[in-house]
Amino acid sequence: MDNGVSAGSTASTSTLGNIALGLTLLAFGIGHTGVIDGVSAANSVSLAMYVGGAALFLLGLLEYRGGNGFNGTAFAGLGVFWFTWAKGAGGSVSDEAAGTFLVLFAMLALTLTVAAASGLFSQGVYALLTLSLLLLAIGAFVDNGTLAKAGGWVAAVSGLLAWYGATAALAHWPMAFGKARSGGAVAAS
């Protein structure tokens, strides 16, 4: 690709990335809560593989190309997480292996929490993701369904927050509570 040709604006890929992350987290979280009869985390495998995995990874590469290293890392890294989780879901792995996988990606989410430069809003998305993955990991290690449900609720809230951030960016809603910004909102992350 010619360097003079734009790969897309970073604002648009950031917004689309936050939508993909939000929808995937929401489906994944709701599946773990058991709040909808007959819907489990396994039902979010296709969404996780293609929207959270492949699309988010591709958006991460576009973010890198556009010069946004943070969103490139976040989207590509989380794309790898979702794709790998989707490929292994339902497989016969030990609880210890599943817990270890979740802890490793909780470390990525923690890094994103600390590095988020766009403020408390995006830090909140990644902090909730970190907490969710840790709760799910501990739940896997000790075979505790209650911790898994709690992790699902936290993931769902994180997904709603990411989705709101993307919606706010598109609709030019304020991202800071109590004060409106001139020029509209900036995508979270």
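Reader: What makes the reach of α4 close to the expected one?

Author: Happy to start there, and please keep in mind that this is a predicted model. Helix α4 runs over residues 95-115, which is 21 residues. The expected span is 1.5 Å times one less than the number of residues. For α4 that expectation is 30 Å, and the helix reaches 30 Å from its first C-alpha to its last.

Reader: Which residues of α4 are buried, and what covers them?

Author: The buried ones are Gly-99, Phe-101, Leu-102, Phe-105, Ala-106, Leu-108, Ala-109, Leu-112 and Thr-113. Their cover includes α3 (69-88) and α5 (120-142).

Reader: How many helices and strands does the whole chain have?

Author: There are six helices and zero strands, so the order along the sequence reads α-α-α-α-α-α. Of the 189 residues, 43% count as buried. Among contacts between residues at least 6 apart in sequence, 66% join residues at least 24 apart. The chain exposes about 9100 Å², with carbon and sulfur atoms supplying 68% of that area.

Reader: What makes a set of residues here a nonpolar core, and which members touch the most others?

Author: The members must be buried nonpolar residues joined through side-chain atoms within 4.5 Å. The largest such core has 35 residues, and Leu-21, Leu-78, Trp-82, Trp-85, Tyr-126 and Leu-133 touch the most other members. Two or more residues each come from α1 (10-33), α2 (45-65), α3, α4, α5 and α6 (145-171). The largest share, eight residues, is from α3.

Reader: What does Trp-82 touch, leaving aside residues up to four places away in sequence?

Author: Trp-82 touches Leu-21, Thr-24, Leu-25, Phe-28, Ala-48, Gly-52, Gly-53 and Leu-56.

Reader: Why is Ser-158 called buried?

Author: Buried means under 20% relative accessible area. Ser-158 has 0%, so Ser-158 counts as buried. This serine lies in helix α6. Leaving out residues up to four places away in sequence, Ser-158 touches Leu-25, Val-125, Leu-128 and Leu-129.

Reader: Why is Val-80 called partly exposed?

Author: Partly exposed covers what lies between the buried limit of 20% and the exposed limit of 50%. Val-80 has a relative accessible area of 38%, so the label is partly exposed. Val-80 lies in helix α3. Together with Phe-57, Leu-58, Leu-61 and Tyr-64, Val-80 makes a nonpolar surface patch of about 450 Å². The largest share of that patch, four residues, comes from α2.

Reader: Where is Ile-138, and what makes Ile-138 partly exposed?

Author: Ile-138 is in helix α5. With a relative accessible area of 43%, Ile-138 is partly exposed, because the exposed label asks for over 50%. Ile-138 and Glu-96 are 42 residues apart in sequence, and their C-alpha atoms are 9.4 Å apart in space.

Reader: Why is Asp-143 called exposed?

Author: Exposed means over 50%. Asp-143 has a relative accessible area of 64%, so the label is exposed. Asp-143 is found in the loop between α5 and α6.

Reader: And what is there to say about the phi of Asp-143?

Author: Phi of Asp-143 is near 55°, a positive value in a residue other than glycine. As background, most residues other than glycine have a negative phi.

Reader: Where is His-172, and why is His-172 called exposed?

Author: His-172 is found in the segment after α6. The relative accessible area of His-172 is 54%, so His-172 is exposed, given the limit of over 50%. Phi of His-172 is near 60°, again a positive value in a residue other than glycine.

How values were computed:
Residues numbered from 1 in each chain as written. Predicted model: local features only at pLDDT ≥ 70, side-chain atom pairs only at ≥ 80, totals over all residues. Heavy atoms only, no water. Buried < 20%, exposed > 50% of the residue type's maximum accessible area, 1.4 Å probe, protein only. Contact = heavy atoms within 4.5 Å. Areas by Shrake-Rupley, 256 points an atom, 1.4 Å probe, with all protein chains shown as cover. Patch = residues over 30% accessible without salt bridge, like charges linked within 9 Å, V, L, I, M, F, W, Y side chains within 5 Å. Salt bridge = Lys/Arg side-chain N within 4 Å of Asp/Glu carboxyl O.
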